[in-house]
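Keep the sequence and the 3D view open while you read.

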Amino acid sequence: MLGCGGLALHTLVLDVQTEFSVCMGVQETVWLEGKVAVVTGAASGIGRATAERFAQEGAKVVLGDVDHALGEGVASGIRALGYEAQFVKTDVSVESDVAALIETAEHSYGRLDTIFNNAGIEQPVTPSDQVSAELFDRVIGINLKGTFYGCKHAIGALRRSGGGTIVNNSSVSAFANVGGNVSYAASKGAVMSLTRVLALELAAENIRVNAICPGVIDTSMNRRNLDRSSDKPAVEKRWMAATPLGRMGPPEEVAQTVLYLASSMSSFTTGIGLLIDGGRVAT
Ligand SMILES: NC(=O)c1ccc[n+]([C@@H]2O[C@H](COP(=O)([O-])OP(=O)(O)OC[C@H]3O[C@@H](n4cnc5c(N)ncnc54)[C@H](O)[C@@H]3O)[C@@H](O)[C@H]2O)c1
């Protein structure tokens, strides 16, 4: 929490609204009071942190993931804290699963206000001429088509709510890359393009569509990436060298950025990819 005199622009962080409330002596505001949110890939990492943060901020959250046991565990953990959450087993590469996830939100809670299309997988580092069609299709099927299905099926529900927000999880890989990552980078670049197109299509209907572009975040995805490498310290060193802030981002720091884009605090922002990359693209 900032000190009451410390609201300089460069220190703008996402609890600024709470800070303002405290300074003004008024009750703390929550960012998503009365809202209904869907989060895909919510069983782990960035999705989990975001589902938990959305719930703390007043949203009723519907979590989707292929991992039933982990997803149920996250939802029941949220409920144990006194918030509203339910889990729906969802493979985002299957259009009917995504449609059913969004229908559950509307059916259970009467509306949809925001969706975070987050589910995604990595491509194990592979030279591009050795990437099989199956691997390419799988990464595109989850990362790109899964995001498209989430957007497509949310649109009607958001319209019925009179507007809302879509946040897609792209990546710093849409802007900066190393080799060996062709299907992943292609999927995340396409998520950025898709985000811009939908932002234009939906602006007049008060539906804002943005993406986040995380750098190196401390999640299972990167732990798997490290485990596959023959020289973990060298990989970690390379990641740190490419990140001016000199550390991995925890998923909670990504979640607060998603919260900003999902909430009315970003009300004049649509069609952007917001980097959360510790400065990597600035280099
Ligand atoms: N970790 C990073 O450094 C980083 C950086 C940029 C972008 N991202 C993106 O963030 C998103 C979340 O990744 P994470 O780092 O939290 O990884 P993670 O592996 O911790 O979480 C991914 C979640 O997605 C779920 N999932 C996988 N396939 C699915 C499918 N077909 N349908 C539904 N759910 C599925 C997994 O079960 C898991 O719970 C991904 O889209 C990833 O590309 C991550």
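Predicted model: local features only at pLDDT ≥ 70, side-chain atom pairs only at ≥ 80, totals over all residues.

The protein chain has 9 helices and 7 strands. An open sheet of 7 strands has parallel pairing, and 29 residues surround the ligand.

**Whole chain**

- The chain has 283 residues, and a compact globule of that length would have a radius of gyration near 19 Å. The protein chain comes out at 18 Å, so it agrees with that expectation.
- Along the principal axes, the C-alpha atoms fill a box of roughly 55 × 45 × 40 Å.
- Buried residues account for 42% of the 283 residues.
- Among contacts with a separation of 6 or more, 72% join residues 24 or more positions apart.

**The sheet**

- The strand order is β3-β2-β1-β4-β5-β6-β7.
- β3 (85-89) and β7 (273-276) are the edge strands. Each of them pairs on one side only.
- On average, neighbouring strands of this sheet are turned by 20° against each other, direction ignored.
- Strands in a sheet pair through backbone hydrogen bonds, in a parallel or an antiparallel sense.
- β1 (residues 36-40) pairs with β4 (residues 114-117) in the parallel sense, over 3 bridges. Within this pair, A37 stands opposite T114 of β4.
- β6 and β7 also run parallel, joined by 4 bridges. Here C213 has L275 in β7 as its bridge partner.

**Helices across the sheet**

- Helix α6 (residues 182-202) lies across β5 (164-169), β6 (207-214) and β7. Helix α6 runs at about 160° to β6.
- Helix α9 (residues 251-262) lies across β1, β4, β5, β6 and β7. Its angle to β6 is about 165°.
- Strand β7 has one covered face and one uncovered face. G273 and L275 belong to the covered face. L274 and I276 belong to the uncovered face.

**Around the ligand**

- Which residues come nearest to the ligand? They are G41, S44, G45, G120 and T219, out of the 29 residues around it.
- By type, the shell divides into 11 nonpolar, 15 polar and 3 charged residues.

**Two loop residues**

- Q130 sits in the loop between β4 and α5. Is Q130 buried or exposed? Q130 has 8 other C-beta atoms within 10 Å. Exposed means 12 or fewer, so Q130 is exposed.
- Q130 and G180 are 50 residues apart in sequence. In space, their C-alpha atoms are 9.6 Å apart.
- A242 sits in the loop between α8 (232-241) and α9. A242 counts as partly exposed because it has 17 C-beta neighbours inside 10 Å. A residue is buried at 20 or more, and exposed at 12 or fewer.
- A242 is 197 residues from G45 in sequence. The C-alpha distance between A242 and G45 is 21 Å. G45 is one of the residues that come nearest to the ligand.

Notes
Residues numbered from 1 in each chain as written. Near = placed C-beta within 6 Å. Nonpolar A, V, L, I, M, F, W, Y, C, P; charged D, E, K, R; others polar. Rg over C-alpha atoms; globule rule 2.2 N^0.38 Å. Contact = placed C-beta atoms within 7 Å. Pairing = 2+ DSSP bridges. Axes fitted to C-alpha atoms, helices over the stretch in contact; angles between N-to-C directions.
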